[in-house]
Amino acid sequence: MKNEMLRGVMAAACALAIATTPVLVDVAPAAAATEATVVSRTDTGQSTELRIYSPSMDREIALRVMRPADTSTPAPTLYLLNGAGGGEDKANWDAQTDAATFFADKHVNVVMPMEGAFSYYTDWHAPDAMLAKNLKNNGRNMWATFLTKELPPVIDAALNTTGVNSIAGISMAGTSVLDLAIQAPDLYRSVAAYSGCAMTSDPVGRMFVSTVVRMGGGNVDNMWGKAGDAAWAEHDPYVQAARLPNIPIYIATGSGLPGQYDSLSNPRVHISGKDAQTMLNSQMLVGGTIEAAAAYCTVMMQQRTNSLGRTNITYNIKPTGSHSWGYWQDDLHQSWPMMATALGIS
C-alpha cells in the first residue's frame, strides 16, 4: 500500500515537473588533460568568483565562494550544492537565502558550484547531447570525480584552507551529498541533506530521478545506464546505507503540507515578477507534492539506518513544509552547529 501511495505521489510530481524535450545534437569526445587548475579568480569583498578547469569534464566550471572576514588564518570548507538547476538559474543559495550574511562572521569558506544542472552531481556513463545543447556545454558530466578528487586540492591551495571539509545540498543535491559521502568516505567531516530522496534504484525512485534529468532534456540512460544497471544500486544511499561514513549527518524534510512559508506573507512568492498567488499555488501544489515524496524517502531512510544501529544521523522530519527555499534556509541554520563542530570551528 505504501508503494502504491508513493507511486501516486511520484507520478503527480512527474506530471507537474517534466519540461519539453529539446533537439538532439552531436557532442564530440573531449580531450584528456592532466590536472585541475584555476583559470580565473575575482575577489570582491568576502566573495570570490572562480573558474576551475576540470580535466574529467574538459571544461571550465564556475564557482562562487563566500570567504571568512579574516583570511590570514586557514579556514575549513563547506561545499554547498544547489538543486536541480545547479545554480545556473536564480534558484541558488546566494540568490534565494541569507547565506551570504549568515556566513559573513563565520570562519569558513563556503564553496558553491554554479553549474551541474540536472546532473545529480555524479559521474555519468556517457556524454549527453541534449544537456549539452540546453546548458551550452560539452555534455560531459563527471561531477563526483570533480567534486571529490579534482576540486578539493585546488580549493585548498587557492584559499589556504585547513583541508577539513563538509558538504550540504538541497533537493536533487540532497540525494547527491549522501552518495558523494559514500563514494569518498574520508573526504567530509559532516553531511547535511535537505529535502532529498535517498531511494533512487527501485522503479519509483528511478522514475523520480529520470524526471529531474528529463527536466533538462537529458537521457537518464547516459547517467547510470538502463534500468537494472548496477550503477543505480551503487549510487542509492538507501541501498548503500551501511557504507555511509560514521560522521555527523543531518537529513531534513517537510511533509508537503502547507507551512509557515506557504502563504502570501512569504516575500519569496512576490519577487519573481509573476503573480504572487500563482507562484504560491505552484509552491503548494508542485512543491507540496515533491516534498511529500521526499518525506516518504526520508522516513524509509530513517527506518533503514535505525535498523543498522546508526546513531550518527540526525533526522528532522517536519509536520509541514513544501519544497521551497524558506525551509531550506532554516535547515541550513539548524544544521550549521553540527557542521561547525565537525569542521572544528564551533
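Which residues form a disulfide, and how far apart are their sulfur atoms? C197 and C297 do, with 1.9 Å between the two sulfur atoms. The model is predicted.

## The disulfide

The structure holds one disulfide. A disulfide covalently joins the sulfur atoms of two cysteines. Here the link of C197 and C297 is left-handed, with -60° about the S-S bond.

The pair connects distant parts of the chain, 100 residues apart. C197 sits in the loop between strand 7 (188-194) and helix 7 (203-215). C297 belongs to helix 10, which covers residues 276-307.

Is C197 buried or exposed? C197 has 7% relative accessibility, so C197 counts as buried, because the cut-off for buried is under 20%. C297 is buried too, at a relative accessible area of 1%.

## Asparagine 138

N138 lies in a loop of the chain. Helix 4 (129-135) stands on one side of this loop and helix 5 (143-159) on the other. N138 has a relative accessible area of 18%. That value is under 20%, and therefore N138 is buried.

What lies 3.4 Å from a polar atom of the N138 side chain? The backbone oxygen of D58 does. The backbone nitrogen of R140 also has a place here: 3.0 Å separates this nitrogen from a polar atom of the side chain of N138.

Note on methods: Residues are numbered from 1 along each chain as its sequence is written. This is a predicted model: local features need pLDDT of at least 70, side-chain atom pairs count only at pLDDT 80 or more; totals for chains, interfaces and linings use all residues. Side-chain values use heavy atoms; hydrogens and water are left out. A disulfide is a pair of cysteine sulfur atoms within 2.5 Å. Helices (H or I, at least four residues) and strands (E, at least two) are DSSP runs, numbered from the N terminus. Buried means under 20% relative accessible area, exposed over 50%, partly exposed in between (1.4 Å probe, protein chains only). A polar contact is a pair of N or O atoms within 3.5 Å; within protein, one must be able to donate a hydrogen and the other to accept it, and residues adjacent in sequence count only if both atoms are side-chain atoms.
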